[in-house]
Amino acid sequence: MFGYRVRGAAVAAVFLAGFAVSCDAEPGASDAPPAASSAAAAASAAATPSVSSVPGSAAPSPAAPPASGGPGASALPGTPPEKVRDAFAGLQATLNDACTPSECAYFLGRVYDELHGLDAAMKADPKGPGHFPEPIALIAKLDAELGGDRSFNNLKAHQTLLIGTRDKINTWMQGHPDDYR
C-alpha cells in the first residue's frame, strides 16, 4: 500500500510540475503533447527512486562551489554581473553560517565565491569601481594572500582573513545603505 502512495505522489508532483511549466511556456513552443511528456516523466520518476525516498538514506553534503563560478558569478559568458544589492545579499546570507566539520569546505568556498561575485558587481556598477574603494581593496588583499589557490586547504589556512574580509565588507556596506537597497 505504501508503494502506491509514493507512486501516486510522484505522479501528482510530475503532473503539477508539468502544468506549472506549461503555464510559463509560449503557445506552440512544445513539440510533444503535455500528456505524453508528463506520462514519460511520471514513468521515469516512478521507476527511479530518489535518494530522499529510499528509507534510511541521507543526502550527501553539497560540494564546494566551483572556482570559476558560484552564486555571484554570471550564469553565461557575456551576461552582466549581478547588481551590487543582489551580490551583497548573497554575502550576507553567509553571516549566520560557520565552518562545521561536515560543511567547512562548502562554507569557505561559498564565502570566497560570494566575495568575488560582489567584487565583480562593484566593478561593473554604473557608479564605477571608485565608488567602492575599500571593499575592492579588501578583496584584492585577500587574493594576494591566497595566491590564486582556492583549494580547501588554502582557504582553511586563511580562514581568519577570509571571514574577516567578509565581515569588514559587511560593515562597510552597512554604512552605505544606498548602495544595496
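Here is a walk through this structure, from the whole chain down to a few single residues.

What you're looking at is a predicted model, in which local features need pLDDT of at least 70 and side-chain atom pairs count only at pLDDT 80 or more, while totals for chains, interfaces and linings use all residues. Residues are numbered from 1 along each chain as its sequence is written, and side-chain values use heavy atoms, with hydrogens and water left out.

Let's start with the overall picture. The protein has seven helices and zero strands, so from the N terminus on its elements read α-α-α-α-α-α-α, where helices (H or I, at least four residues) and strands (E, at least two) are DSSP runs numbered from the N terminus. Of the 181 residues, 29% are buried; that word means under 20% relative accessible area, with exposed being over 50% and partly exposed in between (1.4 Å probe, protein chains only). The protein exposes about 11100 Å², and carbon and sulfur atoms supply 62% of that; these areas come from the Shrake-Rupley method with a 1.4 Å probe, and for residues only the protein chains shown count as cover. Take the contacts (heavy atoms within 4.5 Å) between residues at least 6 apart in sequence: 71% of them join residues at least 24 apart.

Now for a pair of helices. Two packed helices are described by the angle between their axes and the distance between the axes. Helix H5 (residues 133–146) and helix H7 (residues 159–174) pack at about 175°, with their axes 9 Å apart. Axes here are lines fitted to C-alpha atoms, for helices over the stretch in contact, and angles run from 0 to 180 degrees between N-to-C directions. H5 and H7 are therefore roughly antiparallel to each other, given that angles under 35 degrees count as roughly parallel, over 145 as roughly antiparallel, 65 to 115 as roughly perpendicular and the rest as oblique.

Who meets whom? On the H5 side you'll find Pro133, Glu134, Pro135, Leu138, Ile139, Leu142 and Glu145, and they meet Leu161, Leu162, Thr165, Lys168, Ile169 and Trp172 in H7. The residues of this H5 contact with H7 split into nine nonpolar, one polar and three charged. (Ala, Val, Leu, Ile, Met, Phe, Trp, Tyr, Cys and Pro count as nonpolar, Asp, Glu, Lys and Arg as charged, and the others, Gly among them, as polar.)

Let's zoom in on a few of these residues. Thr165 in H7 counts as buried because its relative accessibility is 3%. Leaving out residues up to four places away in sequence, Thr165 touches Leu115, Leu138, Ile139 and Leu142. Over in H5, Leu138 also counts as buried, at 15% relative accessibility, and with the residues up to four places away set aside, Leu138 touches Thr165, Lys168 and Ile169. Pro135, also in H5, counts as buried at 0%. Apart from neighbours within four places in sequence, Pro135 is in contact with Met122, Ile169 and Trp172.

Finally, look at helix H3 (residues 84–92), where Val84, Ala87, Phe88, Gly90 and Leu91 are buried. These residues cover an arc of only 155° around the axis, which puts them on the same side of H3; the arc is that of the directions from the helix axis to the C-beta atoms. The buried residues of H3 pack against helix H4 (104–124) and H7.
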